[in-house]
Amino acid sequence: MTSKSGNLPKCIQFYPSINEPPSSLHTKKLWLLAFLLVIISGAFMLLQFSQLTSLRQELLISNQHRDYMERSQATLLQQLHEREQSLDQYRQTHERMTRVNKDMTESMSKLRNDYLASAKEIERLRAVERRARSNSSDGGWD
């Protein structure tokens with residue numbers, strides 16, 4: 001491909017020369033096919049690598065979401081537990097207050113009944129006392 005004087009050629013030929021043997025042409029075709037196969041394989045591997053990287057990113061994001069959801073679930077369960085305890089305490093307090101209210105109502109009813117009975121007894125005794133005074137002033141009890 002170099003000239004007789006040792007200089008570089010003025011143009012590069014991409015088609016086979018008439019002087020080249022046919023086996024050399026066949027070898028060039030095989031090298032060209034091998035080169036194309038390497039390029040196609042490289043492109044395919046690059047595509048696979050890109051898809052693998054994308055899947056790793058999605059997996060990482062999914063794991064982060066799962067971790068966040070698990071932490072949120074734990075927090076919600078803790079809050080639920082605390083609120084259940086608070087509700088139980090409220091129920092116990094309500095039951096105690098209901099019992100106290102019932103006892104107080106019974107005590108008040110008893111006091112009211114005792115007061116009414118005492119008031120009736122006082123009225124009866126006042127009536128007896130008035131009769132006794134009126135009888136003693138009339139001279140009826142000597």
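Arg 66 is partly exposed, with a relative accessible area of 44%. Here, partly exposed lies between buried (under 20% relative accessible area) and exposed (over 50%), with a 1.4 Å probe and protein chains only. The model is predicted, so local features need pLDDT of at least 70 and side-chain atom pairs count only at pLDDT 80 or more, while totals for chains, interfaces and linings use all residues. Residues are numbered from 1 along each chain as its sequence is written, and side-chain values use heavy atoms, with hydrogens and water left out.

Arg 66 forms a salt bridge with Glu 70, and the closest N and O atoms are 3.7 Å apart. A salt bridge is a side-chain nitrogen of Lys or Arg within 4 Å of a carboxyl oxygen of Asp or Glu. By this rule the count comes to six salt bridges. Both Arg 66 and Glu 70 lie in helix α1, four residues apart, which is about one turn of the helix. Helices are DSSP runs (H or I, at least four residues), as strands are (E, at least two), and they are numbered from the N terminus. Glu 70 is also partly exposed, at 43% relative accessibility.

Asp 67 forms a salt bridge with Arg 66. The closest N and O atoms of this pair are 3.7 Å apart. Asp 67 has a relative accessible area of 31% and is partly exposed.

A further salt bridge joins the side chains of Arg 91 and Asp 88 (3.7 Å, N to O). These two residues both lie in helix α1, three residues apart, about one turn of the helix. Arg 91 counts as partly exposed, at 45% relative accessibility. Asp 88 counts as partly exposed at 38%. Elsewhere, salt bridges that share partners join Arg 66, Asp 67 and Glu 70 into one network.

A nonpolar surface patch is made by Leu 30, Leu 32, Leu 33, Phe 35, Leu 36, Ile 39 and Ile 40. The patch covers about 710 Å². Accessible areas come from the Shrake-Rupley method with a 1.4 Å probe, and for residues only the protein chains shown count as cover. Patches are made of residues with over 30% relative accessible area and no salt bridge; like charges are joined within 9 Å, and nonpolar side chains (Val, Leu, Ile, Met, Phe, Trp, Tyr) within 5 Å. Ile 39 lies in helix α1 (residues 22–138). Ile 39 is partly exposed, with a relative accessible area of 44%.
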